[in-house]
Amino acid sequence: MLWNTVLPKLVFNTKDCNGRIITDGIEKANTFNFYYSTVFSNEGNFLRIQGENTGDPFTTNIKTIRRRIKAIGKNKSVVPDRVSGEILKLVGEAMIPYLARLLDITMNNGTLPGDWKTDTVIPIHKGGDRSLVTNYRPVSLTSVVCKQMEHVIASYIRQVWDKNDWLYECQHGFRPGYSCESQVITVCQDIADSLDNGDKTDAVIVDFSKGFDLVPHGRLLTKIANSGVDSRVMVWIREFLLGHTQRVRVGGKLSEEVRVTLGVPQGSVLGPLLFLAYVNDIWRNMESTIRLFADDCVIYRKIINNAHIENFQKNLDRLVEWAVENAMKINPSKS
């Protein structure tokens, strides 16, 4: 597999958080898993889904399943359910009614197979010293079958959010028609407009440390529940998050298994969308402009007088308060 040929080069000389050099493959994998799991807590607080459905009704979209099967890559890794993307792609059209039926069963019963909750995590280098475990991002390899279910659910959620105009308009991450470039362009245009008027702009760029890994599941579900989605979808997402376990793979060696109690899986289909929902209320009670690309945040406002400076500082204070209330950690070294 592609991962097995690349990863040994990425983590050939590995140091733990204390600077000790590790050479054994299994110990390397366990070191990564220990580092990634240090953010986990025992916070439960799972939302109790009410029986009465008040959201837009969910229906399985066959067109989405057909489109996603065609888009499956041949080199997708095989995870605990042992179903490869190549098999789904080979069977093609004949597999669609079975996948649709499977989604309906999990949706109506409110349960997911255990194999869909077992993640294999691959450390991906972010930059800096390649020997440090802190410089690797955890990306989860999850069930290809589950991902087909996630695509259908993600498509439904986007439709509901668009209909309700729920998603923060200045969020540029993981949205059709938006990108990192669109975030940068709009910020630069706002600053240019101020300069043309002879005004200045104060701005602070904020980096949230391990943003995806720190999301408390209970608080996340509470926020999504207020977005207008079907209660059955809420139960499905809750089950998707509840009871996850992970093992880290380095050079073909697997770490011990640990229970995941926080965060949204990076590498899953729903993960990025769930994170957008979690940070969606960051702009409330703010008079300054906040533009986001997922967890990359820039807050700024035009400054004409001292009152504007004081107001901007109050908005920065509110941003810090939001981070504390939502268990997000600001990384000072990257802000």
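Keep in mind that the model is predicted.

Let's start with the pocket. The largest pocket holds about 600 Å³ of space. Its lining is made of 25 residues. Which of them lie nearest the centre? Those are Lys-126, Arg-137, Phe-208, Lys-210 and Asp-295. By class, the lining has nine nonpolar residues, eight polar and eight charged. Three elements each give at least two residues to that lining: helix α2, residues 25-37, strand β4, residues 136-141, and strand β5, residues 200-209.

Next, strand β3. This strand covers residues 118-125. Seven of its eight residues are buried, so β3 is largely enclosed by the rest of the structure. Buried here means under 20% relative accessible area.

What does β3 pair with? One partner is strand β6, residues 245-250. Those two run parallel and are joined by four bridges. For a landmark, find Val-121, whose bridge partner in β6 is Val-248. β3 also pairs with β4, this time in the antiparallel sense, over six bridges. Here the landmark is a pair of prolines: Pro-123 stands opposite Pro-138 in β4. Recall that β4 also supplies part of the pocket lining.

While we are on strands, one general point. In a regular strand, side chains alternate between the two faces of the sheet.

Now the loops. Back to Lys-210, one of the residues nearest the pocket centre. Lys-210 sits in the loop between β5 and α8, residues 217-225. Its phi is positive, about 55 degrees, and it is not a glycine. Most residues other than glycine have a negative phi.

Ala-327 is another non-glycine residue with a positive phi, about 60 degrees. Look for Ala-327 in the loop between α11, residues 306-325, and β11, residues 329-330. Ala-327 is partly exposed, at 28% relative accessible area.

Last stop, Asn-305. This residue lies in the loop between β10, residues 296-303, and α11. Asn-305 is partly exposed, with a relative accessible area of 36%. What does its side chain meet? A polar atom of that side chain lies 3.1 Å from the backbone nitrogen of Ala-307. The backbone nitrogen of His-308 lies 3.0 Å from a polar side-chain atom of Asn-305. One more distance: Asn-305 and Asp-199 are 106 residues apart in sequence, yet 9.9 Å apart in space, C-alpha to C-alpha.

Methods:
Residues numbered from 1 in each chain as written. Predicted model: local features only at pLDDT ≥ 70, side-chain atom pairs only at ≥ 80, totals over all residues. Heavy atoms only, no water. 1 Å grid on protein atoms, 1.4 Å probe; cavity = no way out; pocket = protein on both sides within 12 Å on 5 of 7 lines; lining within 4 Å. Points joined across faces, edges and corners; volume = space filled by probe spheres on them. Nonpolar A, V, L, I, M, F, W, Y, C, P; charged D, E, K, R; others polar. Buried < 20%, exposed > 50% of the residue type's maximum accessible area, 1.4 Å probe, protein only. Pairing = 2+ DSSP bridges. Polar contact = N/O pair within 3.5 Å; in protein donor to acceptor, adjacent residues only side chain to side chain.
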